Amino acid sequence: MAPGDTTVGSTPSSNSALIERSAGGVRYSLGMNYTEASLPQDGVFKIALHGQKTGIASLKINDISGGIVVRSTVFMGAPLEPKSRAKLVLDPAVSPEQLHLTVSLPGGAGTLSQAPDAVLEGAAANDSTPPTTAIRVESGRLTIAVDDIGPAGVFRTWYGTDRAQEGGQVYSGPVNLPEGTTYVWASAVDRAGNAQYPPTVYETCKLPADMDGNGKVETQDIELMASHLGSRHHPAFDLNRDHRVDDADLREVVAALGQRCKPEP
Ligand SMILES: [Ca+2]
Ligand SMILES: [Ca+2]
């Protein structure tokens, strides 16, 4: 997957990165949407993200002067996996546009070099308000309206039809939904890395065991549940709401096998 060519995404309910706390003078914060490093504008700093699990991680570098953020350099969606690394060398002699985040892929599968997706200054660098989305579905056609609050500007809008909100696609204009779609989520992220969470949800029926949102409970929903057994903090899969995803939740999907959505009047 090449940077800037990301076609699959997921909601930022968790961060796949852990920062290496090696550089003095840098204040780190590992947020839900992005990992942030705030630093004074002097000296050379090396920043490393350590992949904790498969997912995407965004990195925001804040240049601090007089206690305020004067510039943010934002790298969106570096693909990380367990044991992969993303590294960045910050040098005051190098302009932010020339910086590169180098992502080393696990198993010696090479590296990706990612240029910044945004270099923001002033009010845009201090934008901390995520955009909001509104979903409209008419005759199976999806339209997403994005309301961008704050000066940074929208970076990307995602949508998906799975209840787990993991199988996202980039939204670039009205699109026909797969036949039988009864569940749609949408989320947008701005150029400062602020992502809407939780996403906006549109559903035409209540069928929680329909994990892939296609309106029917089938074996593929059992398979989806089975692949998430043992995961925590996953409300879509925790059907009996006991804060665990285990055999009890799997049994609920099996018991619902064959059920179909009845569109609400
Ligand atoms: Ca299904
Ligand atoms: Ca459970």
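Predicted model: local features only at pLDDT ≥ 70, side-chain atom pairs only at ≥ 80, totals over all residues.

Analyst: Two packed helices are described by the angle between their axes and the distance between the axes. Here the pair is α1, covering residues 219-226, and α2, covering residues 247-255. Their axes come within 9 Å and cross at roughly 175°. Angles over 145 degrees count as roughly antiparallel, so α1 and α2 are roughly antiparallel to each other. On the α1 side, the contact is made by D221, I222, M225 and A226, while α2 brings in D249, L250, V253 and V254. Sorted by class, that contact has 6 nonpolar residues and 2 charged ones, with no polar residues.

Now for the strands. There's an open sheet of 3 strands, ordered β12-β13-β16, and its pairing is antiparallel. The edges are β12 (132-138) and β16 (175-176), each of which pairs on one side only. Strand β13, residues 141-147, is joined to β16 by 2 bridges, and the two run antiparallel.

One more strand residue to check is I68, which belongs to β7 (residues 68-80). I68 has 11 other C-beta atoms within 10 Å, and the cut-off for exposed is 12 or fewer, so I68 counts as exposed. The C-alpha atoms of I68 and G122 are 9.5 Å apart, though the two residues sit 54 residues apart along the chain.

Definitions and conventions: Residues numbered from 1 in each chain as written. Chains lettered and ligands numbered in written order. Axes fitted to C-alpha atoms, helices over the stretch in contact; angles between N-to-C directions. Helix = DSSP H or I, 4+ residues; strand = E, 2+ residues; numbered from the N terminus. Parallel < 35°, antiparallel > 145°, perpendicular 65-115°, else oblique. Contact = placed C-beta atoms within 7 Å. Nonpolar A, V, L, I, M, F, W, Y, C, P; charged D, E, K, R; others polar. Pairing = 2+ DSSP bridges. Buried ≥ 20, exposed ≤ 12 C-beta atoms within 10 Å, placed from the backbone.
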